[in-house]
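Visitor: Hi, I'm new to this one. Could you show it to me and walk me through a few spots?

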Amino acid sequence: MRPTSPALPQPPVRRTRHDREILALAVPAFGALIAEPLFLMADSAIVGHLGTAQLAGLGVAASLLSTLVGVFVFLAYATTAAVARRIGSGDRPAAVRQGIDGIWLAVFLSVPVVALAVGLAPAVIRLFGASATATPYAVDYLRISALGIPAMLIVMAATGVLRGLQDTRTPLAVAVAGFTVNLLLNLGLVYGAGLGIAGSALGTVIAQWGMAATYLAVVVRGARRLGLLSTRADLRPDLPGIRACATAGAPLLVRTLSLRAILLIATAVAARLGNTAMASQQIAMSLWNFLAFALDAIAIAGQAIIGRYLGADDTGGARAATRRMVEWGIGTGVLLGALLLLARPLYLPLFTDDPAVKQQLGTVLLIAAATQPLCGVVFVLDGVLMGAGDGPYLAWAMLGTLAAYAPVALTLGSSSLVALWGAIALCMAVRLLFLALRARTGAWLVTGAVRA
């Protein structure tokens, strides 16, 4: 259908209803979203006390692993939007069937990714400038962690199904259980069994497979209740459906590759500044990712809510919800920035005892805190446009952001870690410009059960 014109302002009663919708989805989504950064933060805290070289090795390997997995985040995002549109149009069986196709796509994509991660680990880690002392630890961590990649992709796709169904409570329960198991296993394997950084990777892999098995059980049970899996043959891959999922996710793949390139440039620049800078970068990025996933909880609510409204042909509701979520994003960003600064004496000792690392983190964390309100708006608008299925625009916008960021990070950023974080702040400002310009138009307000 054609994009529609902007709707008139909504009355206060609708604003209150949007608050309830946003909170009902965003609060549980917050807990589920922070599972990944909590995994990494737990690994960083545990490995950090093994030594600076081990922490630097974890920093490089974790960044590469996040890239390998993160480029496929469209498995969650595209699935959420597509399923939510089906729910808005009233076709729940079609929504679940589309989600199952997304899970099969995750399985197929994971096979070559694991092979590449295991086989190319030493070469890629050297390419990203890890020091001679950090490289062996990085290789060990990456190769073992690669065994959990299929589980991570399955979790992404299955989470997208549940979000599209307006269920963020189940992902929260799975995430809490997964983090608890991961923490206990890592402590036992790293220190109890004396496996060092390899034990940290192994514990995380076990926890990830447990989460994947739980999600699969939930989705299959729901499909059977709807009569979609009456025989074993119904569980087989549906190739046309899988191809449709891949096609819908292609623009978001471009968007995510561009975003990951931004993060990898930051890692490569920091690695060449030495072990102290890389260890500081690892801690700073762990905290940044934690805050980013917290802000993304509102964006996840946006994906589900906007998809549902557009599936139900309600553009007025979509616009009103967008305005309210932007307000939530700004407020949450201000709060998180303040907490990041005020809580430094509490969390920094958990990550490192190195005075040089703590000193470098001082100014870096100031920059990270100051950009949080801006990040809140960026994440919300990103989620809104994903929920609308506006993937092609998001792809071009992120390519433009990468073009603006890369030369600054590679030139000015190579002088110091503080300069590098200045480039990261510039990156977020450029993203905001692209997203805000799009949100002000009505081009993304395309209605219907399937975005044409």
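**A first look around**

Guide: Happy to! L202 lies in helix α9 (residues 197–225); helices here are DSSP runs of H or I with at least four residues, numbered from the N terminus. This is a predicted model, where local features need pLDDT of at least 70, side-chain atom pairs count only at pLDDT 80 or more, and totals for chains, interfaces and linings use all residues. Residues are numbered from 1 along each chain as its sequence is written, and side-chain values use heavy atoms, leaving out hydrogens and water.

Visitor: Why does L202 count as partly exposed?

Guide: Because its relative accessibility is 33%; buried means under 20%, exposed over 50%, and partly exposed in between (1.4 Å probe, protein chains only).

Visitor: Okay, new topic. Where is T168 found?

Guide: T168 sits in the loop between α7 (149–164) and α8 (169–192).

Visitor: And is T168 buried or exposed?

Guide: T168 counts as buried, because its relative accessibility is 5%.

Visitor: What is T168 in contact with, leaving aside neighbours within four places in sequence?

Guide: A24, L25, P28, A29 and R163, where contact means heavy atoms within 4.5 Å. The T168 side chain also reaches the backbone oxygen of L25 at 3.0 Å.

Visitor: How far apart are T168 and G31?

Guide: In sequence, 137 residues; in space, 9.2 Å from C-alpha to C-alpha.

Visitor: Nice. And what does L75 touch?

Guide: Beyond neighbours within four places in sequence, L75 is in contact with G102, L105, A106, L109, L153, M156 and A157.

Terms used
Helix = DSSP H or I, 4+ residues; strand = E, 2+ residues; numbered from the N terminus. Polar contact = N/O pair within 3.5 Å; in protein donor to acceptor, adjacent residues only side chain to side chain.
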